[in-house]
Amino acid sequence: MLVSAVLIGVCVVIMLGVPIAVALGLVAIGTMVATVGPDLLVIFIQRTYAGTTSFPLLAIPFFVLAGNLMNVGGTTERIFQVAQLCMGRVRGGLAHVNVIGSVIFAGMSGSAVADAAGMGVIEHRAMTKAGYTSRFAATITAVSSTIGPIIPPSIPFVIYGSLANVSVGALFLAGIVPGLLMAASLMAVIALVAKRMDLPRGEGLPPLPVVRGIILRALPALLLPPAILVVIFTGIATPTEAAVVAAGYAFVLGRFVYRELAWSDTLAVIWDSARQTAQVMFIIALAAPFGWVLVQQQIPNAVLASLLTLSSEPWVILLVINLVLLLFGMFIEGIAIMIIAYPVLLPVITQIGVDPVHFGVILVLNIMIGLVTPPVGLCLYVMAGIARISIAEITREIWPYVLALMGVLLLITFVPAISLWLPQALGYGVAR
Amino acid sequence: MMRVLTGLDRLIAGTCKVAAIACLLGLFVLLALAIVLRLLPLFTIPGYDELVELLFIWLVMLTSLALWREGVLYRVMLFEDLMPAAAKRLVEIAINLAMLGFALVLVVYGLDFTRMSGETTPFLRLDKAWFYGAIPACAALMAVYSLVWLWRVATGRGALESSATLAG
């Protein structure tokens with residue numbers, strides 16, 4: 001009874017339009033008052049404070065800052081130019097370039113919405129100029145942006161690692177192959193659609209000196225993704241500190257190398273990044289007491305018992321979890337899903353023998369699919385805003401790509417080695 | 001009177017902005033220094049963890065206050081957008097009342113928590129009230145802004161908005 005009241009209650013309060021952070025806080029307060037009385041609400045404050053000041057979460061403002069500095073400082077534009085070189089005269093070339101650009105940007109930013117809002121503007125403009133419909137360009141940009149938080153660095157992995165006490169380094173490594181698989185699956189669908197829709201061919205390679213110039217100009221930016229991984233895995237910096245390296249590097253590139261970042265822009269970017277961070281951090285802060293309440297009321301145990309009545313087969317339970325997460329993803333914002341789901345599902349997946357790192361990849365991929373599924377898909381909204389078209393128009397085009405991403409999700413769910421072999425091979429913090 | 005309140009509002013908004021930028025830059029400097037000092041251990045940063053914690057809690061609370069003030073905290077508008085104007089206004093009033101109640105809980109119990117702690121940090125000997133106090137201090141202003149929003153919604157002068165989060 002309490003399980004349903006808390007879990008359904010928080011979803012209803014969120015759907016009614018109460019800000020997500022406040023909804024989590026109100027349900028936690030309500031449950032605490034109903035079960036132990038108002039005297040212990042000081043614990044609510046204590047958990048909120050502890051949830052806010054967790055050290056790994058410091059990565060969030062700096063990865064957001066890095067993404068924003070790259071978008072304003074000209075780095076994103078140069079990444080796109082390099083991606084354009086990769087596809088030559090392939091049919092639907094710029095759509096493929098869009099995906100490749102997102103893969104490269106993913107290695108620097110770790111946020112799907114930063115990709116859609118930054119790279120998205122450049123990609124959409126280039127594609128419509130080359131004769132693609134605005135609707136198609138917006139659709140490809142939205143789906144390709146979901147690769148961002150799967151390939152390291154990744155803000156959702158930082159949040160999951162911090163909440164679930166799982167190695168962020170292992171999660172970063174575990175995301176690399178799934179991220180590349182997502183890109184491959186999207187490019188496969190684009191290749192099929194390109195023939196059917198008779199999409200324009202790419203312009204082909206420019207003369208060699210131009211190619212050399214583009215690569216040389218982009219080289220400092222292209223060094224960032226490997227640099228981030230190297231500083232993390234050689235122990236020079238923790239994943240949190242690596243975010244600072246990324247932000248510092250993005251600033252130096254924009255200000256001193258590409259000279260497109262004015263001092264006045266820098267302050268505006270810092271303030272924007274702080275605000276975007278607060279959108280996430282305020283939710284995380286209130287998620288801490290909410291998670292505490294769930295555990296205190298033994299809600300994860302109740303959910304585990306219910307799931308085990310369905311089947312004791314891990315694959316059935318994982319399938320059910322995926323279906324529930326995908327359904328939630330259509331209506332609720334991703335970080336909120338993660339925060340509601342992890343304390344409930346982590347004991348379940350541990351019980352059925354699924355590695356928490358593997359589950360982290362499954363959880364984040366579900367959330368990413370939620371970003372491009374209507375009616376509540378943030379990347380859809382961002383791209384609809386950039387392309388000045390309706391959500392319904394993008395929605396009509398998006399399903400083949402969403403199905404491809406769901407295919408990757410199933411593959412990753414049932415073949416744990418896709419996520420785990422790399423962290424295991426490098427001996428990096430995986431339990432099994 | 002209105003001019004004084006507007007001036008006060010601008011002062012709060014400006015202070016939030018400047019202080020939050022300072023906190024973020026302070027964190028950047030501290031974390032960057034920590035990396036450099038790991039490679040070149042010339043000295044240690046006194047009270048590193050304490051300073052990071054202090055700047056981080058104020059950064060989060062001040063920027064959350066800024067979003068609260070502007071009415072752009074992330075929310076799902078699915079059903080509200082489908083409602084007729086009168087029902088929508090009633091829902092907005094209920095949401096703002098809920099937000100006011102929530103902010104007041106943060107103020108009352110946040111103050112209790114701040115008073116009860118009586119701790120100082122181990123290295124810099126800073127009173128922990130400066131850390132914990134960020135929650136009730138910012139929540140008190142959130143409560144004030146909830147009242148402002150209630151008035152605005154009730155008089156038909158505005159409604160809360162939705163804003164995208166960059167975490168996804």
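A search of the whole structure, a predicted model, finds four cavities of 30 Å³ or more. A cavity is a set of points, on a 1 Å grid over the protein atoms alone, where a 1.4 Å probe fits but cannot get out. Grid points are joined across faces, edges and corners, and a volume is the space filled by probe spheres set on the points. The largest cavity has a volume of about 60 Å³. Its lining is made up of 13 residues, where lining means having an atom within 4 Å of a point. Closest to the centre are Ile332(A), Glu333(A), Gly334(A), Gly370(A) and Leu371(A). Two elements of chain A give two or more residues to this lining: helix H17 (334-351) and helix H18 (356-370). H18(A) gives the most, with three residues. Helices here are DSSP runs (H or I, at least four residues), numbered from the N terminus. By class, the lining of the largest cavity holds seven nonpolar, five polar and one charged residue. Ala, Val, Leu, Ile, Met, Phe, Trp, Tyr, Cys and Pro count as nonpolar, Asp, Glu, Lys and Arg as charged, and the others, Gly among them, as polar.

Residues are numbered from 1 along each chain as its sequence is written, and chains are lettered from A in the order in which they are written. Local features need pLDDT of at least 70, side-chain atom pairs count only at pLDDT 80 or more, totals for chains, interfaces and linings use all residues, and side-chain values use heavy atoms, with hydrogens and water left out.

Chain B touches chain A through 58 residues, which meet 67 residues of chain A (contact: heavy atoms within 4.5 Å). The two chains bury about 5,600 Å² between them, 81% of it on carbon and sulfur atoms. Buried area is the accessible area (1.4 Å probe) lost on being put together, summed over both parts. Two salt bridges cross the interface (a side-chain nitrogen of Lys or Arg within 4 Å of a carboxyl oxygen of Asp or Glu). The side chains of Glu241(A) and Arg38(B) form a salt bridge, at 2.6 Å from N to O. On the side of chain B that touches chain A, H1(B) provides the largest share, 14 residues. That side has 44 nonpolar, six polar and eight charged residues.

Two backbone features stand in loops of chain A. Pro152(A) and Pro153(A) are joined by a cis peptide bond, with omega about -5 degrees. Pro153(A) is in the loop between helix H8 (134-145) and helix H9 (155-164). Asp198(A), not a glycine, has a positive phi of about 50 degrees. Asp198(A) lies between helix H10 (168-197) and helix H11 (208-222).

Methods:
On a 1 Å grid over the protein atoms alone, a cavity is a set of points where a 1.4 Å probe fits but cannot get out, and a pocket is an open set with protein on both sides within 12 Å along at least five of seven lines; lining residues have an atom within 4 Å of a point.
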